[in-house]
Amino acid sequence: VQLQAFGGGLVQPGGSLRLSCVVSGSIFSINAVGWYRQAPGKQRELVAAIISSGGSTNYTDSVKGRFSIARDNAKNTVYLQMNSLKPEDTAVYYCNAKGRSTDWSIYDRWGQGTQVTVSS
């Protein structure tokens with residue numbers, strides 16, 4: 001199972017970006033996907049997560065009302081829509097997926113990270 005994250009870039013404060021996380025490989029199920037971020041000198045933090053069964057979501061307080069996580073099960077893709085971006089959102093964003101492979105083993109995989117820079 002592999003994850004590919006993309007969609008980062010440079011945006012001005014108040015702008016928007018949409019990140020995508022594509023899960024591929026020997027997938028039996030994708031149980032949960034989370035977007036994390038890590039700014040220079042800081043620990044990696046969970047930004048948003050979505051549970052595949054039922055679609056429940058949760059967000060860290062600093063992004064509530066600005067970010068939205070959604071999934072497209074047909075494409076094995078999870079999106080993070082980021083609006084009203086602030087300079088403090090600048091970080092490398094990673095996606096993580098947990099689930100079961102077709103051989104029934106449990107996987108816990110990370111994507112390669114995509115840089116988001118919010119600056120004027």
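This note comments on the core, the ring contacts and the salt bridges of a predicted model.

1. The largest nonpolar core holds 30 residues, and those touching the most other members are Val23, Trp35, Phe67, Leu80, Met82 and Tyr93. Among the elements that give two or more residues to this core are strand 1 (2-6), strand 4 (27-38), strand 8 (77-82) and strand 9 (91-101). In soluble globular proteins, nonpolar side chains tend to be buried together.

2. Two aromatic pairs are found in the whole structure. In one of them, the ring centres of Phe28 and Trp104 are 4.9 Å apart and the planes stand at 70°, so the pair is edge-to-face. Phe28 belongs to strand 4 and Trp104 to the loop between strand 9 and strand 10 (106-110), so the contact ties together parts 76 residues apart in sequence. Phe28 is exposed, at 53% relative accessibility, whereas Trp104 is partly exposed, at 49%.

3. Two arginines lie over rings. Arg18 is over the face of Tyr79, 4.2 Å from the ring centre. The charged end of Arg44 is over the ring of Tyr94, at 3.8 Å from its centre.

4. The model has five salt bridges. One joins Asp89 and Arg66 (2.7 Å, N to O). This pair links distant parts of the chain, with Asp89 in the loop between strand 8 and strand 9 and Arg66 in the loop between strand 6 (57-59) and strand 7, 23 residues apart. Asp89 counts as buried because its relative accessibility is 0%, and Arg66 is buried at 11%.

5. Arg37 and Glu45 also form a salt bridge (2.7 Å, N to O). Arg37 is buried at 6%, while Glu45 is partly exposed at 30%. A network of salt bridges links Arg37, Glu45, Arg66 and Asp89.

Methods. Residues are numbered from 1 along each chain as its sequence is written. This is a predicted model: local features need pLDDT of at least 70, side-chain atom pairs count only at pLDDT 80 or more; totals for chains, interfaces and linings use all residues. Side-chain values use heavy atoms; hydrogens and water are left out. A nonpolar core is a set of buried Ala, Val, Leu, Ile, Met, Phe, Trp, Tyr and Cys residues joined through side-chain atoms within 4.5 Å. Buried means under 20% relative accessible area, exposed over 50%, partly exposed in between (1.4 Å probe, protein chains only). Helices (H or I, at least four residues) and strands (E, at least two) are DSSP runs, numbered from the N terminus. Rings of Phe, Tyr and Trp (its six-membered ring) pair if their centres lie within 6.5 Å; planes under 30 degrees apart count as stacked, over 60 as edge-to-face and the rest as tilted. A charge sits over a ring if NZ of Lys or CZ of Arg is within 6 Å of the ring centre and within 35 degrees of the ring normal. A salt bridge is a side-chain nitrogen of Lys or Arg within 4 Å of a carboxyl oxygen of Asp or Glu.
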